[in-house]
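Have the viewer open while you read.

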2 protein chains.
Amino acid sequence: MTRASTRKPGEATGDDQAAVPRRLLEHATKLFAKKGFDRTSVQEIVEAAGVTKGAMYHYFGSKDDLLYEIYARVLREQTRQLESVASSDAPLRERLAAAASDVVVSSIDNLDDNTIFLQSMHQLSPDKQKAVRAERRKYHERFRGLVEEGQRSGEFRTDKPADVVVDFFFGSVHHLGSWYRRSGSLTARQIGDHYADLLLDALRPPAG
Amino acid sequence: MTRASTRKPGEATGDDQAAVPRRLLEHATKLFAKKGFDRTSVQEIVEAAGVTKGAMYHYFGSKDDLLYEIYARVLREQTRQLESVASSDAPLRERLAAAASDVVVSSIDNLDDNTIFLQSMHQLSPDKQKAVRAERRKYHERFRGLVEEGQRSGEFRTDKPADVVVDFFFGSVHHLGSWYRRSGSLTARQIGDHYADLLLDALRPPAG
DNA sequence: GTCGGCATACCGACCGGTCGGTGTCCAAAG
DNA sequence: CTTTGGACACCGACCGGTCGGTATGCCGAC
């Protein structure tokens, strides 16, 4: 009863050290991606993380909160990355190509988050959903800014609305999770470059 | 007790005549799209359709069956449409453009089905999921055939794998539901033509 | 001693699916 | 013409089970 360094709670022996909230987030991500948000019970998550429900509800207000935190983390990271690339002083075409390729690579690196984004967003509570959408919108707008810049300078075609082009492109990106397999023959960067090429070439003015 | 044309069953007075299975499918589609498959209870569906659970389980083996039927219906229709366009004797570029534009238009016309496809496919039982995937794959392969035809003839670039291009395009199509609003300024056909243009232009050989 | 960091036991709501029944129609028997 | 029987379409109360969330208490650290 008075043993030191008790290993009672949970069976987790491998990835222990990690803080409890981190472990919860990590395993929740995997489970949500694999089985969907609604099909994953809180019980499963806490068992996978080697803790109990008490622990989870100590750190998170609800199951929804868990999902929201996953979203927020991904969005912060992607926004940060885009901002860094978009505001460099490289030529426009290079900046857009880098932004496009990068978002593909990061989406593939975190396929789970991507899958969740796709399938479970509408299961968030309305206000949290609104917050996520707002953040996502900011991201799209920044990206669209690059396209519009090229349209003003004459580098890109102007017969297609910039927002249509951006939605076209991000549709492709969001759907990577439904077909990309790591066992395939193409690396994440190769896919990213292909996608960036397709975008840039689709944006060439029709005349030439 | 012996009245003719009794209107007892259900309260549905507006859209009655319609057969019960059709009504169930119709309302299930709307609810699944709005709230997601798991969040929609069988009770809600039958109430919306103006029948009872008994009726539903008389016509469908399970809630899963309902979802599967929705998928099957959409897939049959889209496959039929693609086959009709792809096998015409018009020039290749026109056939591909028509196929691309058509799938966008039909996806927008049936935004609900599209949304369900996106969000709820993984909630089907494994065997039904397999069946849906197989059918979907056939569709993609037919579409890819058009791209490959153009690559062989030299009309399209050959530095991008055809399957990457097809996945790129269908990602965009599947995501229409997440941003397209009927209240927007563009009609379904306009979006379809824009998307078709972007695809065709992305496929132009890099040299010119 | 009290406070953060959990564990454990438990609750009420709800959900998919079942099952014994009911009303209606039609066809064959009487 | 009437009766009977049974197939079909549907009803709705009910069940076992699960799930998100909570109430309470223990325990080591400060």
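Two residues are in contact if their C-beta atoms, placed from the backbone, lie within 7 Å. With that in hand, take the contacts in chain A between residues at least 6 apart in sequence: 73% of them join residues at least 24 apart. Keep in mind that you're looking at a predicted model.

**The chain**

Of the 208 residues of chain A, 34% count as buried.

**How the two copies meet**

Rotate chain A by 180 degrees, with 0.0 Å of shift along the axis, and chain A lands on chain B with an RMSD of 0.1 Å. The two copies are thus related as by a two-fold rotation axis.

At the interface, 26 residues of chain A are in contact with 26 residues of chain B. On the chain A side, the elements that give two or more residues are helix H6 (111-120), helix H8 (162-174) and helix H9 (188-202). Here's how that side splits by class:

| Class | Residues on the side of chain A that touches chain B |
|---|---|
| nonpolar | 10 residues |
| polar | 9 residues |

**A look at H8 of chain B**

Helix H8 of chain B has 13 residues (162-174), and at 1.5 Å a residue they should span 18 Å; the end C-alpha atoms are 18 Å apart, which agrees. Because 10 of the 13 residues are buried, H8(B) is largely enclosed by the rest of the structure. Among those buried residues are B:Phe168, B:Phe169 and B:Phe170, along with B:Asp167 and B:His174.

What does the covering of them include? From chain A there are H8 and H9, and from chain B there are helix H5 (92-109), helix H6 (111-120), helix H7 (126-153) and helix H9 (188-202).

**The nonpolar cores**

The largest nonpolar core has 54 residues, and A:Ala100 and B:Ala100 touch the most other members. Leaving out residues up to four places away in sequence, B:Ala100 touches B:Phe169, B:Tyr195, B:Ala196 and B:Leu199. B:Phe169 is also one of the buried residues of H8(B). Apart from that core lies another, of 41 residues, including A:Ile45, A:Tyr68, A:Ile116 and B:Val51.

Note on methods:
Residues numbered from 1 in each chain as written. Chains lettered and ligands numbered in written order. Predicted model: local features only at pLDDT ≥ 70, side-chain atom pairs only at ≥ 80, totals over all residues. Helix = DSSP H or I, 4+ residues; strand = E, 2+ residues; numbered from the N terminus. Nonpolar A, V, L, I, M, F, W, Y, C, P; charged D, E, K, R; others polar. Buried ≥ 20, exposed ≤ 12 C-beta atoms within 10 Å, placed from the backbone. Least-squares fit on C-alpha atoms with pLDDT ≥ 70 in both. Expected span 1.5 Å × (residues − 1). Core = buried A, V, L, I, M, F, W, Y, C linked by C-beta atoms within 7 Å.
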